[in-house]
Amino acid sequence: MSGGNLVARPLREEPFRPFGDVLEAAGRADKIINQGLCGRFHDRARLDFGDGTPGISIFQAEPRRVPYRLDLLERHPEGSQAFIPMSHDPFLVIVAEDLGDRPGAVHAFVAEAGQAINFLRGTWHGVLTPLSAPGLFAVVDRIGPGPNLEEYPLVPPLHVTLP
């Protein structure tokens, strides 16, 4: 892996599927509930918590500037991790192919307002990267014993830009 520029592309289900799930109210709802006033887009994430239990945390991250300097990837070998924005703002989603003990090719996406994501268990990804304030996210991930974080520094770093 070498430094350089990486252009983020719009977040869409198929290109992101090897890394996780795009969570959004797109297409027809699976069920209509609440006296016909609410569409339920049912069971949209492949959640996996290994030997832990699901937990909901709140993250508040500082907004990042573009071009974004990507110098660290991480993964969680014991559980999936969903990021659900608590505002209607876009954010960067960075993932990498898995070469076993290290990340491979890096991919960058821009999640638009109304989209959330779930990283599959063990997926190499960038840190939470909001593009504007407040950078507030609900995060659903594994709570349990044992280490669940591996980090990989990128030397030289990549620079992620928008289309």
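**Chat about a predicted model**

Reader: Where is Pro-67 placed?
Author: Pro-67 sits in the loop that runs between strand E6 (53–60) and strand E7 (68–75). Keep in mind that this is a predicted model.

Reader: Is the peptide bond that joins Val-66 and Pro-67 cis or trans?
Author: Val-66 and Pro-67 are joined by a cis peptide bond, and omega is about 5°. In general, most peptide bonds are trans.

Reader: And from Val-155 to Pro-156, cis or trans?
Author: That peptide bond is cis too, with omega near -5°. Pro-156 is in a strand, E15 (residues 150–161), whereas Pro-67 is in a loop.

Reader: Switching to phi. What is phi of Asn-34?
Author: Phi of Asn-34 is near 55°, a positive value in a residue that is not glycine. Gln-35 also has a positive phi, about 55°, and is not a glycine either. Most residues other than glycine have a negative phi.

Reader: Where are Asn-34 and Gln-35 found?
Author: Asn-34 is in the loop between strand E4 (31–33) and strand E5 (38–40), and Gln-35 is in the loop between E4 and E5 as well.

Reader: Buried or exposed, for Asn-34 and Gln-35?
Author: Asn-34 has a relative accessible area of 52%, so it counts as exposed. Gln-35 has 80% and is therefore exposed as well. The cut-off for exposed is over 50%.

Reader: Now the whole chain. How many helices and strands?
Author: One helix and 15 strands.

Reader: What share of the residues is buried?
Author: Buried residues are 40% of the 163. As for contacts with a separation of 6 or more, 82% come from residues 24 or more positions apart.

Reader: How many charged side chains, positive and negative?
Author: There are 15 positive and 20 negative side chains, with the centres of the two sets 4 Å apart.

Reader: Take Asp-21. Buried or exposed?
Author: Asp-21 has 4% relative accessibility, so it counts as buried; the cut-off is under 20%. Its place is in strand E3 (residues 20–23).

Reader: Which side chain does the side chain of Asp-21 make a polar contact with?
Author: That of Arg-46, at 2.7 Å. Leaving out residues up to four places away in sequence, Asp-21 touches several others, including Phe-16, Arg-44, Ala-116 and Leu-120.

Reader: What about Pro-130, buried or exposed?
Author: Pro-130 is buried, because its relative accessible area is 2%. Pro-130 belongs to strand E13 (residues 129–130). Beyond four places away in sequence, Pro-130 touches residues that include Ala-61, Arg-64, Phe-91 and Phe-137.

Reader: Last one, Leu-6. Where is it, and which residues does it touch?
Author: Leu-6 is in strand E1 (residues 4–7). Not counting residues up to four places away in sequence, Leu-6 touches Val-106, His-107, Ala-108, His-159, Val-160 and Thr-161. With a relative accessible area of 17%, Leu-6 is buried. The C-alpha atoms of Leu-6 and Ser-57 are 30 Å apart.

Terms used:
Residues are numbered from 1 along each chain as its sequence is written. This is a predicted model: local features need pLDDT of at least 70, side-chain atom pairs count only at pLDDT 80 or more; totals for chains, interfaces and linings use all residues. Side-chain values use heavy atoms; hydrogens and water are left out. Helices (H or I, at least four residues) and strands (E, at least two) are DSSP runs, numbered from the N terminus. Buried means under 20% relative accessible area, exposed over 50%, partly exposed in between (1.4 Å probe, protein chains only). Contact means heavy atoms within 4.5 Å. Lys and Arg count as positive and Asp and Glu as negative; His and the chain ends are not counted. The place of a charge is taken as NZ of Lys, CZ of Arg, CG of Asp or CD of Glu. A polar contact is a pair of N or O atoms within 3.5 Å; within protein, one must be able to donate a hydrogen and the other to accept it, and residues adjacent in sequence count only if both atoms are side-chain atoms.
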